[in-house]
Protein chains: 2
Amino acid sequence: MERTNLSMHIARAPVGLPARADFALVEEPMPQPAEGEVLFRAIYMSLDPSMRRKLPAPDGVPGPLGGTRQVGELMIAGLPPPARGYTGGFVGQVVESRHPGFAQGDLVQGGCWWQTYQVLPGDSLEQLPPGTKASEAIGLLGQHGFVAWCGMRNIGKAKPGETVLVSAAGGAIGMIAGQLAKADGARVIGIASGDKVAYVVDELGFDACIDRKNENVAVGLDRLCPDGIDVYFDNVGGDVMLAAYERMADFGRIVVCGMASEYNAPEQPFGASLRPVLRKRLRIEGFVVYDHYEAQFAQFRAEMQALIDAGRMKYRIEVIDGFAEAPAALARLLDGRNKGKVVVQLSPDRSVVT
Amino acid sequence: MERTNLSMHIARAPVGLPARADFALVEEPMPQPAEGEVLFRAIYMSLDPSMRRKLPAPDGVPGPLGGTRQVGELMIAGLPPPARGYTGGFVGQVVESRHPGFAQGDLVQGGCWWQTYQVLPGDSLEQLPPGTKASEAIGLLGQHGFVAWCGMRNIGKAKPGETVLVSAAGGAIGMIAGQLAKADGARVIGIASGDKVAYVVDELGFDACIDRKNENVAVGLDRLCPDGIDVYFDNVGGDVMLAAYERMADFGRIVVCGMASEYNAPEQPFGASLRPVLRKRLRIEGFVVYDHYEAQFAQFRAEMQALIDAGRMKYRIEVIDGFAEAPAALARLLDGRNKGKVVVQLSPDRSVVT
């Protein structure tokens, strides 16, 4: 076993997209678990656009632009304990356990610190069943799979024949949200860019996809959704949200899931009247996935596992090598230049037994 | 029986608030019912802010500012047949029936034309039970009672102890919405002006009421809702909506019921970011009452009648005398200078038997 640990601290508040120099990778002594705690080795960390909001605001004051963490502190993924393990952004393997529920070698989900080795209360970790693939646990069965499922099941509620629009369709959440809507019998249109456009249609089975770098999104929507949009699963906010809003069908639902295009910008007034909300009986609803774990995570896992087993859920993971590469990957993610779900690999994955 | 009928036609497209000169009161021959039709004498017509949108737009093109009807046409209340009677804006008495379901003297709800005597398909009228008070049928048990109930039951869903805000709290819908929320155990704050402020608190039992003419609404909300607003029942839109939106509590619901302050103005961009929808898990939802009659009107009537019988539903009606006074009353209504529910009396009410 190694003697030292790698920790990613916040070196300064980013201006615009986060950069490598906003972080400081620090070598630290191996942490030791106290009674009730577990030391685990992180294998994968989920990289999420919302991490932008964990970073401090330039003025240090928590606000729309950030501020959950301060300069000098450890960078964080997900929620710190006592939040439950399934809310964590890591999958890892237990190195040393001083908690009766865990033994060395167990595959676990949880953790929150940007550290290769993390000490956490055992009660905040989740044991993964034997045979689990770490890459699937951090992927389809992980938080962003649950996010997509919550948004579609609780707000979107696509019915057969309805038109569902998904932005960031080739992203971690979008690709799952769209496939869930397809499984529900809806016609699904994506918005993406680059090689994700072809991927979304050819591999994931979306009915069509707007290439937002090559076509004005509003024009594309007029072309592909002439009868309006019944469900808009919004991962990006901004102008794309506006274009979709203006083309909602009566009784349409807008699932406000993420605002990737706005995380890096000050809050801007919504550029349209809310009068269509009344006239078209629209619902605009936001949700935060942490609120739903307790009540719905088990149901999600069962449904998602069934879809995976039936071969009805395709998926693409982009694996980044280590913390040092994570800031650049986060910037690419915020800029929409990722390819599918982005995870950071922090140590070898030995969970895939062939 | 009279030989002539009074009909209110649209003389020109209003600019700003509607005025008497935008209408033409025409004396016409008494209409005759054909087979399956019913001739009834209107007693009360419900006057609603949304009537502004029935009037033509200045450019004659249907749009946000109006245009459902054209210059020269009959003015309309509610929906024309084949919409069902309970959607109509009148309570009246049958004068002549050529429909097996109705006899002379029956009290009915329905109708849509601004006429003292109206001929309509019997299938589009609703028979009112014997003993019904016409003023109650047009009032608490009528469309705006149902509007308040739909908004609170289907979207607002106030829980005991929650803070509910109601704008136009002394108006036809607001006074019922607030009392429904009180019946559900919520703390209810109103926004009103003039003598309605005292009425809402002293007579209707709201916990407090902001006088929007004497206090900045945002300041009043900070004072009265320091922990945020759980349910905002929006009857007015505009700046009041914005002030409420910015003070919603987590998981808050905004019931988009009406936009009285915006009916007379071009559509304006919503002056705030939608980011709090995500951060606070808000729901913003509009509804149109016509969608809910089929499924829920009977349930509404039963619940409302029980509240009336239990003395838990107070009410105030302002009675306007005849069509000629209706345009000025509509302008006062749009301007918030009405006192409670406004109805236009078109002929004597003989339904109140003492």
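Start by selecting helix 4 of chain B and its surroundings: its buried residues pack against helix 3 (172-183), strand 9 (187-192) and strand 10 (208-211) of chain B. Contact here asks for C-beta atoms, placed from the backbone, within 7 Å. Helices (H or I, at least four residues) and strands (E, at least two) are DSSP runs, numbered from the N terminus.

A word on what you have open: this is a predicted model, where local features need pLDDT of at least 70 and side-chain atom pairs count only at pLDDT 80 or more, while totals for chains, interfaces and linings use all residues. Residues are numbered from 1 along each chain as its sequence is written, and chains are lettered from A and ligands numbered from 1 in the order in which they are written.

Now colour B:Lys196, B:Val197, B:Tyr199 and B:Val200, which are buried in helix 4 (residues 196-203) of chain B; buried calls for 20 or more other C-beta atoms within 10 Å of the residue's own. After helix 4 of chain B, click on B:Gly205, with a positive phi near 85°.

Next, move to chain A. Show helix 2 (residues 143-156) and helix 3 (residues 172-183) of chain A, which pack at about 45° with axes 8 Å apart. Axes are lines fitted to C-alpha atoms over the stretch in contact, and angles run from 0 to 180 degrees between N-to-C directions. Among the residues making this contact are A:Trp149 and A:Met152 of helix 2 of chain A, and A:Ile176 and A:Leu180 of helix 3 of chain A.

Key
Buried ≥ 20, exposed ≤ 12 C-beta atoms within 10 Å, placed from the backbone. Contact = placed C-beta atoms within 7 Å.
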